[in-house]
Amino acid sequence: MTFLGWLTIVLFIVILTALALPLGRYMAAVYTDERTFLDPLFRTPERLLYRVMRVDADRGQDWKAYAKSAIIFSLAGWLLLYLILRTQTLWNFTGLNPQKFHSAPWNVTFNTTSSFVTNTNWQYYGGETTMSYFSQMAGLTVQNFLSAGVGIAVAVALIRGIVSRSGKSLGNFWHDLVRTVLWVLTPISFVIALVLVFQGSIQNFSHYATLTTLTHLPQTIAMGPVASQEAIKLLGTNGGGFFNTNSAHPFENPTAFTNLVEMLVVLVIPAALVFAYGRMAGNRRQGYAIYGTMAVMFLGAVIVAYIAEAHGSPAQHAAGLHTHAIAGSAGGNLEGKEQRFGIAGSALFDVVTTVTSCGAVNSAIESFTGIGGAVPMANLSASEVIFGGVGTGLYSILLYVLLAVFIGGLMVGRTPEYLGKKIEAREIKLVAIGLLITPLAALFSTALATASSAGRASISAVGSGPQGFSETFYAYLSQANNNGSAFAGYTGFIQPNAGNLGSHGVTFADLLGGFTMLFARFAPILFALAVAGALAGKRISPVGLGTMRTDNPTFVVLLIGVIVLVGALTFFPALLLGPLVQGLTGHLYG
Amino acid sequence: LFGRPGAVFTTSLYRATISRYRLHAGGPIIVVMDILAVALGIASFAILLGLIFAIDRI
């Protein structure tokens with residue numbers, strides 16, 4: 001561990017908070033139709049989009065209408081993306097397929113389509129050997145915007161349900177989606193893309209370059225419109241890399257400065273939405289309490305990951321390797337890490353992208369130490385409530401807030417209330433089921449994949465040791481949480497040659513993963529909207545002496561306890577079988 | 001279609017698998033498997049739409 005490493009982590013939290021506060025104020029204005037400085041730019045395209053989509057954006061929707069709009073919109077996106085990806089060569093006339101790549105097989109495309117529509121961006125394919133520029137831009141990048149927009153819209157609807165004083169309306173899905181894409185995602189992505197280009201990211205439509213290396217061997221350098229996709233990949237907590245190595249690739253993440261920027265971009269909207277929630281609720285302290293909960297859990301994860309990676313693995317020590325920081329090397333466990341990011345820049349990036357639904361990586365998670373590798377798994381086990389994905393994080397933690405209020409109410413013998421609204425049996429049933437869907441999807445799919453030979457065929461590590469289990473568990477945990485990061489190894493795509501000719505998918509892994517992503521994404525959304533609908537019509541009771549406060553440190557502690565308890569009870573046995581076994585032994589698993 | 005015989009990604013394994021299952025994925029050919037994939041996708045979303053009404057009864 002180094003002083004600079006700790007300083008990076010502290011500065012990161014300070015800068016994040018400083019950015020999220022004003023963005024939260026701006027987003028609250030966007031969703032309450034207050035004037036913003038971008039109105040002159042986007043009002044006309046907004047009206048045009050409503051006219052094209054033939055929707056009345058002023059008409060309020062109850063939770064069922066809101067949910068139907070979200071599902072049907074996502075289905076349309078799914079069908080369009082599948083079509084684009086499977087007809088890749090038909091778009092060669094655009095000039096956006098200079099490498100003449102063919103389509104990936106049907107099963108891989110099923111997985112990829114489900115992945116990008118659900119904001120997961122799990123990638124069995126490698127971008128630079130599979131996707132044309134047209135597929136990357138018109139297919140994947142578009143879904144990066146839209147899937148993020150759906151998540152944020154659902155969070156905004158839940159906020160309205162919680163704070164509304166009358167009626168059943170949660171707002172209008174199309175209105176929330178369009179305003180998210182135009183007012184929030186597009187302008188920030190544009191600025192970030194320029195910053196990335198300024199730092200060395202590429203943005204072109206060139207043919208791949210072939211260079212001669214210092215050892216006189218030829219090397220192909222992949223090109224493409226990288227910066228524009230990279231920006232929304234991070235901002236929308238999507239995570240799907242333009243290149244196979246994701247943010248470890250120098251064209252995606254060229255410098256230590258872009259590394260810091262990318263991490264901030266991932267967390268800024270999830271953090272800002274919490275402050276926006278406080279403003280929309282008319283009680284900013286509610287937002288601060290949730291932010292405090294997220295920040296404490298986030299810092300805990302970063303500290304464990306940084307210490308574990310800086311210390312190195314038991315296997316390294318058993319082999320007599322030195323892991324201390326020396327001039328020119330960050331020390332620690334540097335396997336699978338970029339020297340330009342170091343241990344702190346890698347551990348922090350890993351935590352940032354696994355507490356959210358981003359899943360981008362700048363280092364190989366499979367090469368992390370046992371304990372270091374357990375951190376991303378534990379983050380995923382928290383079901384995206386430590387900041388979480390854009391929108392997903394807020395609506396998930398609000399469900400936990402309602403659960404904590406209910407448990408707290410039971411403990412002190414009072415009727416549970418949140419912001420003046422009584423939490424009754426129906427709401428708690430919806431909350432409980434909504435929170436259990438993602439863990440159930442992850443564990444069920446892992447069990448199915450490890451218990452069947454078809455599932456085990458996707459494991460890269462030879463044998464059936466803890467590493468193989470970790471790969472499988474991580475794969476389905478990541479897909480169920482719509483994260484998309486991978487423990488490497490686990491595959492659903494066999495592609496010996498670039499360009500997809502003759503390649504084939506592993507049907508079991510592709511389909512199971514696709515279904516896992518679809519249900520673990522949209523079923524909790526439906527339950528969150530149902531909770532919003534149930535709360536929207538409730539009368540607000542005045543605050544009294546008996547009201548349990550939800551904006552103080554005591555409630556923060558209770559909330560953290562509930563989140564940790566649910567996550568630990570659900571996932572501890574699985575974590576024990578994989579990374580914890582590896583962390584407790586000097587044996588080096590293959 | 002389900003699974004493959006080993007866990008090591010080599011060209012020989014790839015060739016054996018292609019030969020065994022007669023799998024090819026070249027070109028934008030809309031084949032039976034595409035129809036199956038689209039049907040599975042639509043079915044997934046149809047179930048989710050049905051879930052809306054199931055949740056409403058809770």
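Tutor: Helix α3 (residues 63–86) of chain A packs against helix α4 (residues 106–117) of chain A at an angle of about 140 degrees, with the two axes 9 Å apart. Here an axis is a line fitted to C-alpha atoms, for helices over the stretch in contact, and angles run from 0 to 180 degrees between N-to-C directions; helices are DSSP runs (H or I, at least four residues), numbered from the N terminus. Because angles under 35 degrees count as roughly parallel, over 145 as roughly antiparallel, 65 to 115 as roughly perpendicular and the rest as oblique, α3(A) and α4(A) are oblique to each other. Their crossing is right-handed, meaning that the near helix is turned clockwise from the far one by less than a right angle.

This is a predicted model, in which local features need pLDDT of at least 70 and side-chain atom pairs count only at pLDDT 80 or more, while totals for chains, interfaces and linings use all residues. Residues are numbered from 1 along each chain as its sequence is written, chains are lettered from A and ligands numbered from 1 in the order in which they are written, and side-chain values use heavy atoms, with hydrogens and water left out.

On the α3(A) side, the residues in contact (heavy atoms within 4.5 Å) with α4(A) include Ser74(A), Gly77(A), Trp78(A) and Leu81(A), and among their partners in α4(A) are Trp106(A), Phe110(A) and Val117(A). By class, this contact of α3(A) with α4(A) has 8 nonpolar, 6 polar and 1 charged residues, where Ala, Val, Leu, Ile, Met, Phe, Trp, Tyr, Cys and Pro count as nonpolar, Asp, Glu, Lys and Arg as charged, and the others, Gly among them, as polar.

Turning to α18(A), which spans 507–536, its axis comes within 9 Å of that of α3(A), and the two cross at roughly 160 degrees. The pair is therefore roughly antiparallel, and the crossing is right-handed. From α3(A) the contact draws on Trp63(A), Tyr66(A), Ala67(A), Ile71(A), Ser74(A) and Trp78(A), and from α18(A) on Leu518(A), Phe522(A), Leu526(A), Leu529(A), Ala530(A) and Gly533(A). These residues divide into 10 nonpolar, 2 polar and no charged.

A further partner lies in another chain: the axes of α3(A) and helix α2 (residues 32–56) of chain B come within 10 Å and cross at roughly 170 degrees. α3(A) and α2(B) are therefore roughly antiparallel to each other, and their contact has 18 nonpolar, 2 polar and 5 charged residues.
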